[in-house]
Amino acid sequence: TTKAGPTHELMSILRAATPATCFLALSWASLINPKFLLELTDGVVPKLLMFEAANSRKSVGKGVVAAAGLTLASALPESRSKVFELGEIFSDISREDSAEIIEPLLLKAARILGRESIGLAEFMQIKENLAKEPDGMKLVSSSPSSLLLRRARGAFSIVNAMWMLSIIGIATSLGPSVYWMLIPLRKMLLAALRGFQEALEYLINKVLVPMHKFGVFEVLSWAAASFFLVEANRFREKENQSPVAGFIALTGLAVALPSLAYSTSLHLKAGKGLLKTGTDRMLQLLRKLWFLGTTIPLAMSTQNSLLGTGAVLAAFNMIGFNAWAGDCCYALGFESKSGLVRSNIAAHLVLGAMIAAKWLGSERVVAMLEPFRGGVSIFGTL
């Protein structure tokens, strides 16, 4: 093998940085000119299923009402005596047509069920629920522990014990015979498993490994992350869909983070000859800058407070704030004394800037800074 030259090493570094830079530019494009981005990707990027906000609210509301009605209507009396009392009330209601007579009967039924009130349709539904209840299990006892105890005792009956002994006898007598009879079948299964293993090894070595080396998986992962960003812009254009857009953008960022780690591990090994000592620390700083530069426009464009808090956290982490988690504990602190001073100064500056923007800025500026309010409230007190 020949040693890679400086040109090859430089190309490897550029290949590692290009997809992350494109994703960063795409996130800023979603803030600066989202309509141009949608026009550019229209007909090229597939669209997810769109849900209209008004229809979704109506359907959700109906589902909540239906679920609540089912829960109330499925209430059953706890004892058989209450069932007889409710049966008498049911027969009285069935014979009456006057609302003045039915209303006191419904109040009486509600008191039996331990409720304040109950409707006529709901009361009639209780009868159907009683008919559907298997073996009256809810009526025998309302305690789950007593029901479990009765089932456990039933498992140790004489018939069950004899049945268990019979199963053990059959297993000890026929088990060895079946084992020797199935030896040819076991050989066939082992041969099939070996064939499957060889096919899997061929697939990995001849298909998946070349796809990994040529960057096919890298392109697919970054394409998926970019797809979620474009889809977040589409949802943002819909009325009352901004919360949905924020979570879609958050999904795209979640896909982009492992894609960034995959790109750096795939390409920077060949480019380490051009990089000097302290590369790891520099790469950590560049990753933090990339995360900060990506979350800021996404938080502003989608008005997602989680993205805004992540951006504030990334900014304070760059200047010295850090966190650590162990097996049974966690720690919050600063990298050094200078990091503590920098974080303290930055906290005062950011908090003061947010207050000034609130009082002196325009409504648009205040709206754009709204996603960062939670993070500033937390880290502004450091």
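Val 244 sits in helix H12, which covers residues 242-267. Helices here are DSSP runs of H or I with at least four residues, strands are runs of E with at least two, and both are numbered from the N terminus. Val 244 has a relative accessible area of 34%, so it is partly exposed. Buried means under 20% relative accessible area, exposed means over 50%, and partly exposed lies in between (1.4 Å probe, protein chains only). Ala 232 is twelve residues away from Val 244 along the chain, and the C-alpha atoms of the two are 7.7 Å apart.

The model is predicted: local features need pLDDT of at least 70, side-chain atom pairs count only at pLDDT 80 or more, and totals for chains, interfaces and linings use all residues. Residues are numbered from 1 along each chain as its sequence is written, and side-chain values use heavy atoms, with hydrogens and water left out.

**The whole protein**

The secondary structure consists of 17 helices and two strands. The protein has 382 residues, and 27% of them count as buried. Contact means heavy atoms within 4.5 Å. Among contacts with a separation of 6 or more, 70% are between residues 24 or more positions apart. The protein exposes about 25600 Å², of which carbon and sulfur atoms supply 68%. Accessible areas come from the Shrake-Rupley method with a 1.4 Å probe, and for residues only the protein chains shown count as cover.

**Helix H15**

Helix H15 runs over residues 337-360 and has 24 residues. The expected span of a helix is 1.5 Å times one less than its number of residues. For H15 this gives 34 Å, and the end C-alpha atoms are 34 Å apart, which agrees. Its buried residues include Gly 339, Ser 343 and Met 354. The buried residues of H15 pack against helices H14 (305-318), H16 (363-369) and H17 (373-379), and against strands S1 (321-325) and S2 (330-334).

**A nonpolar patch**

A nonpolar surface patch of about 920 Å² includes Phe 196, Leu 208, Phe 214 and Leu 220. Patches are made of residues with over 30% relative accessible area and no salt bridge; like charges are joined within 9 Å, and nonpolar side chains (Val, Leu, Ile, Met, Phe, Trp, Tyr) within 5 Å. Helix H10 (183-213) and helix H11 (216-237) each supply at least two residues of the patch. The largest share, seven residues, comes from H10. Leu 208 lies in H10, and Leu 208 counts as partly exposed because its relative accessibility is 32%.

**Salt bridges and cysteines**

The structure holds two salt bridges. A salt bridge is a side-chain nitrogen of Lys or Arg within 4 Å of a carboxyl oxygen of Asp or Glu.

| Salt bridge | N to O distance |
|---|---|
| Arg 234 and Glu 231 | 2.9 Å |
| Arg 373 and Glu 370 | 3.1 Å |

Arg 234 and Glu 231 are three residues apart in helix H11, so about one helical turn separates them. Both Arg 234 and Glu 231 are buried. In the other pair, Arg 373 is partly exposed, with a relative accessible area of 48%, and Glu 370 is partly exposed at 31% relative accessibility.

How many disulfides does a search of the whole structure find? The search finds zero. A disulfide is a pair of cysteine sulfur atoms within 2.5 Å. Cys 22 counts as partly exposed at 49% relative accessibility, and Cys 329 counts as partly exposed at 44%.
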